[in-house]
Protein chains: 2
Amino acid sequence: MNRTNYSAKREAIYSAICSTKTHPDAEWIYNKVKIDFPNISLGTVYRNLVMLRNEGKIISLGVVKGCERFDGNVREHSHFICTECGRIIDVSRNFALHISNLDELVQKELGVKVESHDLAFYGKCDLCREGQEK
Amino acid sequence: MNRTNYSAKREAIYSAICSTKTHPDAEWIYNKVKIDFPNISLGTVYRNLVMLRNEGKIISLGVVKGCERFDGNVREHSHFICTECGRIIDVSRNFALHISNLDELVQKELGVKVESHDLAFYGKCDLCREGQEK
DNA sequence: AAAGAAATCAGTAATGATTATCATTTTTCA
DNA sequence: TGAAAAATGATAATCATTACTGATTTCTTT
């Protein structure tokens, strides 16, 4: 198997993700890292996102409006996703107690191995609501 | 505003989605409808998926392995998604009571309008587990 | 410290799902 | 029925992501 070598770029990518609560996509991360590494390639960002995700250092929040979004906060927490602008906001209230025991129920019912779960809320964020005052 | 005219193809697309529990993607639906409408275009499928979703007759389950997946069952229910093969399985156990009251908490905390939520479980399905006997 | 091996990278081409376009066909309703 | 509106087929365009390749960096073993 391939080992993992040190990479300053990978560290910068990870730092960029952890530096924000915007749950960025590859392009955002690329532009952020570019400040310190002007010659970085977008392909390098994508390649390292896969590696960081496999290592469990970041998680994917899925595809929102065509772009995959990432989070450096790997502790269990829920998100609100605005269906209008695509903004993703952390829900600080912890719902783990409500859900963690459900994993076992799903495993039993379906005969599968549940490794994670995700609770997301969808709707209109505050900015989009006032933007259309409704 | 534009009205919505009758369309036999749209009905067939909706029927195709409701005829299966596989939570299909556009390509699957296209091939299914093609049996009865050999000249249907893939673009028509995509166009009608948008319309059916806007009407609330189907829901999107998000992008799994690069393809958006759809469900004709719009009643609240959770899904298990296999991270290996992309299979999506309905969870029959109803968790609505665990979650519905959380919408309000999220609205209060973030000042947003929550319109829906989604609880998904991820892991390895029975087939993928035995396929790698582990 | 230096060399060879392995991993990472930049730059660029390729991929593939989805969307847009437009001329033609179908549906609606007066 | 016939004109206006909506839907469609065929195809081109878009755009996020992946694959490729030769150069560069990191690691290991002297």
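**Figure 1. Backbone and side-chain contacts to the phosphates of DNA strand C.** In this predicted model, a polar backbone atom of Y6(B) lies 3.4 Å from a phosphate oxygen of DNA strand C. Two or more residues each come to the surface near the strand from α1 (8-18) and α3 (42-55) of chain A and from β2 (67-71) of chain B. In chain A, the side chain of K9(A) places an N or O atom 2.6 Å from a phosphate oxygen of DNA strand C, and a polar backbone atom of N5(A) is 3.0 Å from a phosphate oxygen.

**Figure 2. The protein surface near DNA strand C.** DNA strand C is surrounded by 21 residues, and the closest are S7(A), K9(A), I40(A), T44(A) and Y46(B). By class, the surface has 10 polar, 6 charged and 5 nonpolar residues.

**Figure 3. Aromatic pairs.** Over all chains, 2 aromatic pairs are found. The planes of F95(A) and F121(A) meet at 65° with ring centres 5.9 Å apart, so this pair is edge-to-face. F95(A) belongs to the loop between β4 (88-91) and α4 (96-110) of chain A and F121(A) to strand β5 (residues 113-124), so the pair ties together parts 26 residues apart in sequence. Both F95(A) and F121(A) are buried. In chain B, F95(B) and F121(B) also form an edge-to-face pair, 5.9 Å centre to centre with 65° between the planes. F95(B) is buried because its relative accessibility is 3%; F121(B), at 0%, is buried too.

**Figure 4. Lysine over tyrosine.** The charged end of K57(A) sits over the ring of Y14(A), 4.3 Å from the ring centre. In chain B, the charged end of K57(B) sits over the ring of Y14(B), 4.3 Å from its centre.

Notes:
Residues numbered from 1 in each chain as written. Chains lettered and ligands numbered in written order. Predicted model: local features only at pLDDT ≥ 70, side-chain atom pairs only at ≥ 80, totals over all residues. Heavy atoms only, no water. Near = heavy atom within 4 Å. Polar contact = N/O pair within 3.5 Å; in protein donor to acceptor, adjacent residues only side chain to side chain. Helix = DSSP H or I, 4+ residues; strand = E, 2+ residues; numbered from the N terminus. Nonpolar A, V, L, I, M, F, W, Y, C, P; charged D, E, K, R; others polar. Phe/Tyr/Trp six-rings, centres within 6.5 Å; stacked < 30°, edge-to-face > 60°. Buried < 20%, exposed > 50% of the residue type's maximum accessible area, 1.4 Å probe, protein only. Lys NZ or Arg CZ within 6 Å of the ring centre and 35° of its normal.
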